[in-house]
Amino acid sequence: FHPKDKLGHYLYIQVQTEHHVPYVCKMTRRDLSNELHINLRTLYRYIDSMKDSGYLTLHKGKILIKEDHFEKLAGRYNNVIL
């Protein structure tokens with residue numbers, strides 16, 4: 001499991017748990033990095049990479065998962081078993 005996939009899988013699980021799209025991640029970047037055990041600078045790089053790949057969007061500094069983002073996340077992480 002690539003460390004970048006930790007973020008993608010986490011966001012996918014959060015959207016599934018909340019049962020609503022669009023999903024706005026309410027955690028701060030620092031809290032998210034602590035939760036996922038990822039260095040804060042690395043987390044910023046992962047967020048930028050996922051944004052460029054179409055897995056998420058940033059709106060006023062918050063991570064936003066829209067319907068098309070969720071479908072893309074589901075395609076990648078739906079069958080992952082940890």
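**View A. The buried residues of helix 2 and the parts they pack against.** In this predicted model, where local features need pLDDT of at least 70, side-chain atom pairs count only at pLDDT 80 or more, and totals for chains, interfaces and linings use all residues, the buried residues of helix 2 pack against helix 1, helix 3 (40-52), strand 2 (57-59) and strand 3 (62-65). Residues are numbered from 1 along each chain as its sequence is written, and side-chain values use heavy atoms, with hydrogens and water left out. Helices (H or I, at least four residues) and strands (E, at least two) are DSSP runs, numbered from the N terminus. The buried residues of helix 2 are R29, L32, S33 and L36; buried stands for under 20% relative accessible area, exposed for over 50%, and partly exposed for the range in between (1.4 Å probe, protein chains only). Looking down the axis of helix 2, its buried residues fall within an arc of 100°, so they line one face of the helix; the arc is that of the directions from the helix axis to the C-beta atoms.

View B. S33 has its place in helix 2, which spans residues 29-36. With a relative accessible area of 5%, S33 is buried. Which residues does S33 touch, leaving aside its neighbours within four places in sequence? S33 is in contact with I38, N39, L40 and L43, where contact means heavy atoms within 4.5 Å. For L43, which is 10 residues from S33 along the chain, the C-alpha atoms of the two are separated by 6.3 Å. The side chain of S33 also reaches the backbone oxygen of R30, at 2.8 Å.

**View C. An aromatic pair between helix 1 and helix 4.** The structure holds 1 aromatic pair. Its rings belong to Y12 and F70, with centres 5.5 Å apart and planes at 15°, so the pair is stacked. This pair links distant parts of the chain, since Y12 is in helix 1 (residues 3-18) and F70 in helix 4 (residues 67-77), 58 residues apart. For the terms: rings of Phe, Tyr and Trp (its six-membered ring) pair if their centres lie within 6.5 Å, and planes under 30 degrees apart count as stacked, over 60 as edge-to-face and the rest as tilted. Are these two residues buried or exposed? Y12 is buried, at a relative accessible area of 4%, and F70 is buried too, at 18%.

View D. Side chains of opposite charge can pair when their charged atoms come close. A search of the whole structure finds 1 salt bridge, a term for a side-chain nitrogen of Lys or Arg within 4 Å of a carboxyl oxygen of Asp or Glu. Here the side chains of D5 and R76 meet, at 3.1 Å from N to O. D5 lies in helix 1 and R76 in helix 4, so the pair ties together parts that are 71 residues apart in sequence. D5 is buried, with a relative accessible area of 13%, while R76 counts as partly exposed at 44% relative accessibility.

**View E. K72 over the ring of Y55.** Here K72 lies over the face of Y55, at 5.2 Å from the ring centre. A charge sits over a ring if NZ of Lys or CZ of Arg is within 6 Å of the ring centre and within 35 degrees of the ring normal.

**View F. Backbone details in the loops.** Most residues other than glycine have a negative phi, and most peptide bonds are trans. H37, in the loop between helix 2 and helix 3, has a positive phi of about 55° although it is not a glycine. H37 is exposed, with a relative accessible area of 69%. H19 has a positive phi as well, near 60°, and is found in the loop between helix 1 and strand 1. At 71% relative accessibility, H19 counts as exposed.

Note on methods:
A polar contact is a pair of N or O atoms within 3.5 Å; within protein, one must be able to donate a hydrogen and the other to accept it, and residues adjacent in sequence count only if both atoms are side-chain atoms.
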